Every structure is written in structure tokens, then in C-alpha cells.
Amino acid sequence: MSRITVLSWTILALAPALAFGADGPAPAKLSAATIVERNVAARGGLATWQAVRTLSWSGKLDAGGNNQRYFKTPGMPAPPPVKDPNAQVQLPFVMEMKRGRQSRFELLFNGRTAVQVYDGAHGWKLRPFLNRNDVEPYTTDELKTAADAADLDGLLLDYAAKGTKIDVEGMEPVEGKQAYKLKLTLKDNHVMHDWVDAQSFLEVKIEGTPRRLDGKLHTAAVFLRDYRKVDGLQIPFLIETNVQGVQRTEKIQIEKVVVNPRLDDSRFAKPG
């Protein structure tokens with residue numbers, strides 16, 4: 001899954017965590033319904049989220065080390081030598097979402113803007129940084145991922161109405177703090193896992209879509225950190241993806257969130 005796709009569903013899974021450490025008091029055993037109810041309350045409440053029609057995020061995402069300053073495409077010059085090859089290149093982005101799974105992602109790279117949009121049924125992408133200056137449709141896999149992605153209120157809120165079944169598979173430590181491990185079976189029978197902090201009841205980890213590397217699938221985990229209140233909503237301002245077998249993680253740093261900005265449907269149409 002691309003960083004763009006990761007952002008489009010993990011950014012929604014919406015105060016720093018208040019949990020005890022892994023060796024702290026054992027949390028109570030709760031039902032899936034109770035855990036979700038407390039998660040919704042911790043994130044701002046059902047009514048607050050139902051009043052959200054659109055959301056906009058902006059910030060920066062990692063694009064590899066400075067030794068990968070340019071994407072390796074035909075005709076592009078070799079990257080210049082750098083003093084710190086481990087430093088990350090951070091690219092500015094803007095992500096806009098509207099109910100109905102409409103989304104628009106813009107990424108600025110080398111003075112050119114890449115665009116990826118989904119109107120709720122169809123998707124297109126424009127990738128000038130790969131010397132591809134024509135609008136391309138989503139692939140079959142990209143369409144499926146976009147269709148399966150959570151709407152802007154996340155995976156847990158109003159889950160039963162979305163056709164999702166949730167089971168509690170026990171508890172696990174996540175970054176030293178106890179968390180409930182939830183098994184989510186979506187309406188298409190796709191299964192994924194979600195970890196909810198046992199004290200703050202905010203989501204702290206989500207099972208990401210496996211990445212294919214060297215012909216093999218590697219598991220991916222998305223960590224949600226640095227929750228902050230925005231217009232009554234709790235939103236993570238740091239999202240980090242860890243892929244099994246890959247040393248470098250992928251970080252998305254949110255700098256600004258706008259609740260209910262005016263977004264016409266034309267923002268999610270096929271790029272001109």
C-alpha cells in the first residue's frame with residue numbers, strides 16, 4: 001500500500017495516551033461494544049463526529065533518506081552527495097475528505113504537485129514526479145482499497161451499521177501500554193485488527209495492508225500518536241507505519257487540521 005493510501009485510512013482512526021505501563025494495573029475485561037462505546041466518547045462523542053461532513057489535513061510525510069532525494073526515474077540526474085544520508089526528506093501534503101469516501105490527496109515534490117482523487121466510486125492519479133503527466137485511472141487493487149477504506153469517522157464509530165463485526169481477542173502491550181486487541185470482520189469478510197488503549201480508549205495501532213517486497217508479503221502496522229483536540233475531536237498528529245523486515249519507518253506529521261471546510265464535489269472529480 002502506498003503512503004497515500006495509508007494516510008487516507010489511518011489518518012481517520014482518530015491528548016496523549018494516559019495509560020499505565022505494561023506492568024501497571026490489569027485493565028478490566030470489557031465487551032467489544034463497551035470498548036467501542038468508550039472509544040467513541042474518548043474521540044469526541046457520536047454527535048460531534050456525526051456533525052462532521054468534511055475534513056482537511058496538511059503536513060509533511062517522509063519520502064526516504066537524503067540519499068534518495070530524487071525518485072529513480074529515467075532521465076533524472078543522480079542525487080547529489082549529502083552529509084547525512086540517514087536524514088529524511090519531508091514532502092508537504094494536503095489531504096481532503098468528504099463523506100461518501102470522497103478523498104483528494106496532493107503531494108508537492110520538486111516544485112510539481114502529484115494528485116490522487118477518489119469520488120466514492122472511481123479514482124484517478126496524476127504523478128508528474130514519475131514523468132507521468134497524463135491522468136491515470138486507479139488499478140483494480142487501488143479501487144478495492146479505496147472502497148474498503150473507512151469513511152472520515154474511522155473504523156469503529158457506528159460499526160454495526162457499516163456491516164462490521166467486532167470481537168475482542170485479548171490484550172497486548174503496545175509501546176509499553178496495555179491495549180485491547182480487536183478483530184474487525186468487515187462486510188466483505190475482510191479481517192483486520194485494531195488496538196485500543198486500555199486507559200485512554202484511543203486507538204494506538206491498526207493493522208495495515210501487507211506490502212509486497214522481493215516477491216513476498218510483509219505485515220505492516222500503523223501507530224497513532226500525539227492526539228490533540230480539534231473542535232472537540234481527538235485526532236492523532238503523528239502517524240507512523242512499520243513494515244516487517246524494513247528498518248526505516250514511514251512517518252506522517254500532521255501540522256494543521258480543519259473541520260468542516262467547504263469542499264465542493266468538483267474537488268473529487270477527475271483531474272483536468
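Trainee: Why is strand E3 (residues 102-109) called largely enclosed by the rest of the structure?

Mentor: Six of its eight residues are buried, so the strand is largely enclosed. Buried means under 20% relative accessible area, exposed means over 50%, and partly exposed lies in between (1.4 Å probe, protein chains only). Strands (E, at least two residues) and helices (H or I, at least four) are DSSP runs, numbered from the N terminus. This is a predicted model, in which local features need pLDDT of at least 70 and side-chain atom pairs count only at pLDDT 80 or more, while totals for chains, interfaces and linings use all residues. Residues are numbered from 1 along each chain as its sequence is written, and side-chain values use heavy atoms, with hydrogens and water left out.

Trainee: What puts the buried residues of helix H2 on the same side?

Mentor: The buried residues of H2 (residues 32-42) are Ala32, Ile35, Val36, Asn39 and Val40. They cover an arc of only 135° around the axis, which puts them on the same side of H2. The arc is taken from the directions that run from the helix axis to the C-beta atoms. An α-helix has 3.6 residues a turn, so residues three or four places apart point the same way. On the other side of H2, Glu37 and Ala41 are exposed.

Trainee: What do the buried residues of H2 pack against?

Mentor: They pack against helix H3 (46-50) and strands E7 (165-174), E8 (177-185), E9 (191-197) and E10 (203-213). Contact here means heavy atoms within 4.5 Å. After H2 comes Gly44, with a positive phi near 130°.

Trainee: What makes Arg132 and Glu136 a salt bridge?

Mentor: A salt bridge is a side-chain nitrogen of Lys or Arg within 4 Å of a carboxyl oxygen of Asp or Glu. For Arg132 and Glu136 the N to O distance is 2.7 Å, so the pair qualifies. Arg132, at 38% relative accessibility, counts as partly exposed, whereas Glu136, at 16%, counts as buried. By this rule the count comes to 17 salt bridges.

Trainee: How do you know that Lys144 forms a salt bridge with Asp188?

Mentor: The closest N and O atoms of Lys144 and Asp188 are 3.8 Å apart, so the pair also falls within the limit. This pair links distant parts of the chain: Lys144 sits in helix H4 (residues 140-148) and Asp188 in the loop between E8 and E9, 44 residues apart. Lys144 is partly exposed at 47%, and Asp188 is partly exposed at 37%.

Trainee: Why is Lys181 called buried?

Mentor: Its relative accessible area is 17%, which is under the cut-off, so Lys181 is buried. Its side chain meets that of Glu172 in a salt bridge of 3.5 Å, N to O. Glu172 has 28% relative accessibility and counts as partly exposed. Elsewhere, salt bridges that share partners join Glu96, Arg104, Glu106 and Arg267 into one network.

Trainee: Is His122 buried or partly exposed?

Mentor: At 47% relative accessibility, His122 counts as partly exposed. It lies in the loop between E4 and strand E5 (123-127). His122 touches Val117 and Leu143, not counting residues up to four places away in sequence.

Trainee: Which residue in strand E11 is Asp226, buried or partly exposed?

Mentor: Asp226, found in E11 (residues 216-230), is partly exposed, with a relative accessible area of 31%. Asp226 has a positive phi of about 55° although it is not a glycine.
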